[in-house]
Every structure is written in C-alpha cells, then in structure tokens.
Amino acid sequence: MDLVTLAGQLNAATILPETIVIVTLLVVLLADLIQGRQADRWTPYFAIIGLGGAIATMIPLWTQPDTVSFFGSFISDHLSLFFRGLIALSALGTILMSIRYVEQTGSSLGEFMTILLTATVGGMLVAAAQELVFIFVALETLSIASYLLTGYTKRDSRSNEAALKYLLIGAASSAIFLYGSSLLYGLSGGYTQLPQIAQALSSESLGLVIALVFVIAGISFKISAVPFHQWTPDVYEGAPTPVVAFLSVGSKAAGFALAIRFLTLAFPMVTDQWQLIFTVLAILSMILGNVVALAQTSMKRMLAYSSIGQAGFVMIGLVVGTEAGYASMLFYLLVYLFMNLGAFTCVILFSLRTGTDQISEYAGLYQKDPLLTLGLSLCLLSLGGIPPLAGFFGKIYLFWAGWQAGAYGLVLLGLLTSVISIYYYIRVVKMMVVKEPQEMSQAVQNYPEVSWSSFGMRPLQVGLVMMVIATSLAGILANPLFNLVNTAVLDVPQVAHQPTVIEVAYQTLPPAGES
C-alpha cells in the first residue's frame, strides 16, 4: 500500500481540531519544561487561542458531508462535531477560571493545562469514535487525565481522597464497560466497528442483553447517573473547583455522546430494553439528585447532587428516542455548559476571596460584591428553570419532547423535581441578598476589597461575564442554536426524520418586530 492510498484511507483531515489541541498541549508542556513558572504568564492564553482555533476549524468541517476516517474507526458528522465543539468550549471556559485558582494553590499551571488538554482530546475522540478499541482508548485517555486532575492539589488531603475514590470506582467501571465490549466482539464474530456489530447481531439474545447492561453501566458512570453516582459528591467536594467544572460539563458531554453513538449504532435490535433501563436511571437520578441536594451545606456538594439531577433531565431526551428528544437533549447540554460553568466561576471567586464554600457563608454577599451575587443568582435560577433564562427554555423543550412521545410519567416527575430544585437554588439567592447587617456571615464581613488587578483575575472576570450573558440570552436569542442542534440530530442513527419540537416551536413564533 503506497502512502497516497494510506493517506486517503486515513483521511486525517477530519481530526484537525484534535491535532490543534495536541499541538497546543505539546507547546504548553515544552514551555513549562524549559521556562518553568515563567511560562505561566503566557501559556494559558496560548491554550485558549489553541482551543479557539480548534473550534474554528470545525466550521468548514460542518459544511462537508459525513466523513469516515481511520479505516472506519472515526466519523466526522454533525453530531460528533457538535459534541467535540462542546467539550473544547468547556475546556476553554475551565482554563479561564483556573489560572488564578491554580496559581494561588502554588501548583504548576503548565502541568495542570497539559493534563486538562489531554482530557479534552480524549473527550473529543470519544464523541466521534465508532470502533470498540478506539472508543476504549479514547475513554481511558479522558478518564486517566480526569483522575490526575482530581488529585492535582497534592497538599490537600481532600483532593487526594477524592482522586483515590474516583480512581477505584472509575477503574471498576472501565473494567465493566470493557467486559461488555468484549462480549459484543465475541457475539458478533470478531467485529469491532459498531455498524458491523449491529449487522452481525440481527436477533436478540441473552448474551446481547448482558453486554448491553455492562455497556450502560460503564456509560452511566461517566454521566453520574444513579446508582453509579457514588463518586460524584466526594469528588466534587475534594477536587480543585475548576476540575469539578470540567467534569460536570465536558466529561458529562462525552458520556452522553458515547451513549447516543454506541446505543443507537450497536444495539438497534434491543432499543426497547435500553430505553427501559435509561427510564429507570432517569427516574432515580431526578429523585435522588434533587432531594438529597436539599440537605447539603457545601456549595460544591449541592452542585454535585444538582448535576446528578440535571443528568436525569437530559436522559428524558435519550429515553424518548425521537428526533425531537435528541434535539432537545443537545440544546439542554449546550445551555447547561453556560449556566454550570458560570455557577462554578462564581464559586471559585468566592472561595478565592473567603477560603470557604459553605452555603451559610454567602449570607449578605450582595452588599460587598454585587457582580458576583448577580452572576451566581442568574446561573442558579437558570439551573432551576426560571424564565426567561436559558435553563427554562432547555427544560421546556425536553419536557415538550417527552410529552409528545407519550412519556407522561417522566415529564411529570421532571416537573416535580424541577420545583424541588428551585427551592435549594433560591435558598442560596435569598441568603446572598439579605439586607440586615447582623445577618451577614463572618466571611462576608471580612470580605476583601474587590480587585481584578491580580494575575489571573481578569480572565476569571471575562469568563464570568461571558457565561452570565450566555445564560441570560441563550434561551431568548436561540434561533442559531436551534438550527445547530436540528442539523446535528439528523446524524443520529435509527431516527426517522420528523419535525422536531424545536422546529415546531420556532415555526409558531411571530416574526421579529411583531408582538
């Protein structure tokens, strides 16, 4: 085989975004080795430019037809491009909020970004993989980098404990996922590509159902679905806060991308079974995540259980299995990125200035830091689904898609647990805006003068403003986002085209300028 033929079959241009992230990673690593801490002054901005360039290269790829590369292991279609862009965007937002945080812990910023970019590459490859070995290698690249990030603050015993728990439970989930994949390999007669496996397994069997259960268990760990959520609260509380922000958005997006691709490609003959399993997971996640969050006193633990509940909401779109369901699922993941990263940016700012993340210490914050109070309030209210913020529109589309598909019980439970979630979000907002000086917490009374001049604070401010603006306007000015997700879901296998809930909603809106 000559080089021209090999290059044509590899079709390496499809991984140009990942290549840019890898080059950026290597530059940051070499700069840290050569210049040491001096490189921290410019490498974060170089990493941001690299991630922005990777996202920009996806624009011309979006206009190209679905391209299979690397001998069928990798597919660059609209669905994979959407998730790859989402993961890269989450990494970009994480770097903005991590510069000052990592600098203040005394750890190396270059090493932190190197590991974060490695996790980003792994997540982006997971979103486009459709071959068993490729999927597992990409998934482990994401997972191992996530373990390292969780324990990055080595001097913090909570971080070490969180990393150990994450590693042990993650290793078990990887083994379970690999066992399910090996069963598929054996049952299909030696095929590793998902479409070939589906063709070889034309009928339902006990072995296929067992493989399905093991694969779903592995995926559920990545998306923090109950009962595979045990790692989430401890890891969220102990890990560095920027890492928690990335895990809650980037890692979760990779998990849902894998769920859509794997289940619809490899298990079309047992669709009813995997939809039933995810129905149970969605019910358990919505109930446990939102109910247990009520009792939390730590902001990070509250957001941990909140993320479990949010995963339950997103699973409604997956369970429905219609084009409307997948479209609303993708839209919600996109707006979830803005509101969750915004909330964690505010938590980081507060912890940098006070050294605590206890909810009770937020009392009276409005009098000392109005910007932080406004940003956190908008992000939390959006997570709760309060109109006219982005989270409200995301939940409306999810519940509408479920109602249209006949999932009345799931939708009603989603509405009920959303009401529960509003209580613990508004509790924080109410605490921040108390006006009586005697109700102000000790941390807020000793709150330092607000300053953005320190190294790394300006990117944190920019990230906060961007996320708050996106959270506020993404639902109202969402026409481009509707078009984006409508195009992306056309590449979901086994889904016949029908008008999506978002298309219907858009068609019923009055033209601009009319009331």
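**Ground rules**

I call a residue buried under 20% relative accessible area, exposed over 50%, and partly exposed in between, using a 1.4 Å probe and protein chains only. This is a predicted model, in which local features need pLDDT of at least 70 and side-chain atom pairs count only at pLDDT 80 or more, while totals for chains, interfaces and linings use all residues. Residues are numbered from 1 along each chain as its sequence is written, and side-chain values use heavy atoms, with hydrogens and water left out.

**Entry 1: the whole chain**

I began with secondary structure and found 21 helices and 2 strands. These are DSSP runs numbered from the N terminus, with helices being H or I of at least four residues and strands E of at least two.

Next I looked up the overall dimensions. The C-alpha atoms fill a box of roughly 70 × 60 × 50 Å along the principal axes. For 515 residues a compact globule would have a radius of gyration near 24 Å, and the 22 Å of this chain agrees with that. The radius is taken over C-alpha atoms, and the globule rule is 2.2 Å times the number of residues to the power 0.38.

Of the 515 residues, 59% count as buried. I also checked contacts, meaning heavy atoms within 4.5 Å. Among those with a separation of 6 or more, 81% come from residues 24 or more positions apart.

**Entry 2: charges**

I then asked how far apart the mean positions of the positive and negative charges are. For the 20 positive and 26 negative charges, the answer is 11 Å. Lys and Arg count as positive and Asp and Glu as negative, with His and the chain ends not counted. Each charge is placed at NZ of Lys, CZ of Arg, CG of Asp or CD of Glu.

**Entry 3: salt bridges**

Side chains of opposite charge can pair when their charged atoms come close. My cut-off for a salt bridge is a side-chain nitrogen of Lys or Arg within 4 Å of a carboxyl oxygen of Asp or Glu.

Lys-165 bridges to Glu-161, with the closest N and O atoms 3.1 Å apart. Both sit in helix α7 (residues 157–187), 4 residues apart, about one turn of the helix. Lys-165 is partly exposed because its relative accessibility is 29%. Glu-161 is also partly exposed, at 44%.

Arg-301 pairs with Glu-237, and here the closest N and O atoms are 2.9 Å apart. Arg-301 belongs to helix α13 (residues 299–320) and Glu-237 to helix α10 (residues 231–238), so the pair ties together parts 64 residues apart in sequence. Arg-301 counts as buried at 17%, whereas Glu-237 is partly exposed at 23%.

Which residues join in a salt-bridge network? I found Glu-161, Lys-165, Asp-234, Glu-237 and Arg-301 linked in one.

Asp-369 and Arg-353 meet at 2.5 Å, N to O. This pair links distant parts of the chain, with Asp-369 in the loop between α14 (323–354) and α15 (370–384) and Arg-353 in helix α14, 16 residues apart. Asp-369 is buried at 3% relative accessibility, and Arg-353 is buried at 12%.

**Entry 4: Ser-220**

Is Ser-220 buried or exposed? It is buried, because its relative accessibility is 0%. Ser-220 lies in helix α9 (residues 206–223). Leaving aside neighbours within four places in sequence, I find Ser-220 in contact with Ala-225, Phe-228 and Leu-281.
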